[in-house]
Amino acid sequence: MAFWRPKDRDLREREWRAFAGAFELEPAPALAETLREDLDLGPGAIATVYERARPDQPDTVVFEQANDRDGPAGTLAGLRIGVVVRSSVEHSSVSLRASARRHKILEGLAAGRSGAQRLDGAFDPEFDTAVSVYAREVDRATALLTRPVRTVLARLLGEADEVVASATASHAKGSVPRHANGAPPSVAIGPLNLYLALEVGVPFELDALGPLMADLLSLHAALLSASGKGR
C-alpha cells in the first residue's frame with residue numbers, strides 16, 4: 001500500500017494472524033473477489049480476508065482493502081476495514097443502510113447518490129440524533145427498526161465511530177476535530193448479509209474489531225426477531 005513500507009506490511013500481517021487466532025478465524029483469500037462483487041468494493045487490493053464458519057450459525061468474514069480516493073490534492077491513500085455477517089436465513093425483507101449521523105448536507109448528498117430516502121426517526125429522537133437510516137421502501141424499513149434493532153445499531157455505530165475517530169486522530173498533527181475524515185462508519189443490511197464498513201486513513205488496533213463483530217451478530221439476531229424468524 002502506498003503509505004506502508006514493506007516491513008509495515010509484514011507487521012500488519014502478523015497483527016491479522018494474531019487477531020484471527022484469538023477469534024478462531026481462518027484465512028479465506030478465495031472470498032476476496034466474491035466480496036468485491038457482492039459488496040461493490042471497487043478496484044482496491046484486498047490484501048486480507050479471514051472467515052469464521054460454523055454449522056447452524058451465520059458466517060463471519062473480516063477483510064482489509066486498500067481504498068485510495070481522488071481529492072483536490074491528488075490521490076489519498078486509505079484503508080477500508082469490513083466485517084460481514086453472511087446468513088443462510090433471511091433476516092430482512094428490505095434493504096437499507098444505516099450510518100453514524102453526519103451533517104444534513106452531507107447526508108442529503110449521500111441519499112441523492114443512492115436514490116434512497118433518509119427515514120424520519122422522530123419516533124425515537126435519541127436514536128435519530130446518533131444514526132441515519134436510508135432506504136427506498138420507507139414503510140417496510142421503518143417497521144424493521146424495532147427497539148432491539150435500534151439499540152444494537154446505535155451501539156454498533158457509536159463504537160465504530162469512536163474507532164474511526166481514534167484512527168484519524170492518531171495519524172494527525174495537533175488536535176483534530178472528531179470525525180475529521182468525514183466518512184462515517186456504515187452498516188448495509190440486505191436480506192442475507194450485513195456489512196459494516198470502516199473507512200480510515202491509517203490502520204487501527206485490530207482488537208477494536210472484536211466488539212464490532214459481536215454487535216454485528218447481535219444485529220443479525222435482532223433482525224431475525226423483528227422479521228418474525230427468531231428462534
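Q: Which strands form a hairpin with six residues between them?
A: That's β2 and β3. This is a predicted model, by the way. In the turn, Asp56 has a positive phi of about 65 degrees.

Q: Is Asp56 buried or exposed?
A: Exposed. Its relative accessibility is 69%, and the cut-off for exposed is over 50%.

Q: Back to the strands. How many bridges join β2 to β3?
A: Six, and the two strands run antiparallel. β2 covers residues 46-52; β3 covers residues 59-66.

Q: Which residue stands opposite Val61?
A: Glu51 stands opposite Val61, which is in β3.

Q: What else does β3 pair with?
A: Strand β6, residues 79-86. That pairing is antiparallel too, over eight bridges. One of the bridge pairs is Gln65 with Arg80 in β6.

Q: How many of the β3 residues are buried?
A: Seven of eight, so β3 is mostly covered by the under 20% cut-off.

Q: What is the relative accessible area of Glu24?
A: It is 43%, so Glu24 is partly exposed.

Q: Which α7 residues are buried?
A: Among them are Leu209, Leu212, Met213, Leu216 and Leu219.

Q: What follows α7?
A: Gly228, with a positive phi near 80 degrees.

Q: And the largest nonpolar core? Which residues touch the most other members?
A: The core has 46 residues. Leu153, Val187, Leu196, Leu198, Leu209, Leu216 and Leu219 touch the most other members.

Q: Which helix gives the most to this core?
A: Helix α6, residues 147-171, with nine residues.

Q: What does Leu153 touch?
A: Leaving out residues up to four places away in sequence, Leu153 touches Ala98, Phe127, Val131, Leu145, Val187 and Leu219.

Q: How many residues are in the second core?
A: 13, and this core is separate. Its members include Ala32, Leu41, Ile46 and Phe63.

Note on methods. Residues numbered from 1 in each chain as written. Predicted model: local features only at pLDDT ≥ 70, side-chain atom pairs only at ≥ 80, totals over all residues. Heavy atoms only, no water. Buried < 20%, exposed > 50% of the residue type's maximum accessible area, 1.4 Å probe, protein only. Helix = DSSP H or I, 4+ residues; strand = E, 2+ residues; numbered from the N terminus. Pairing = 2+ DSSP bridges. Core = buried A, V, L, I, M, F, W, Y, C linked by side-chain atoms within 4.5 Å. Contact = heavy atoms within 4.5 Å.
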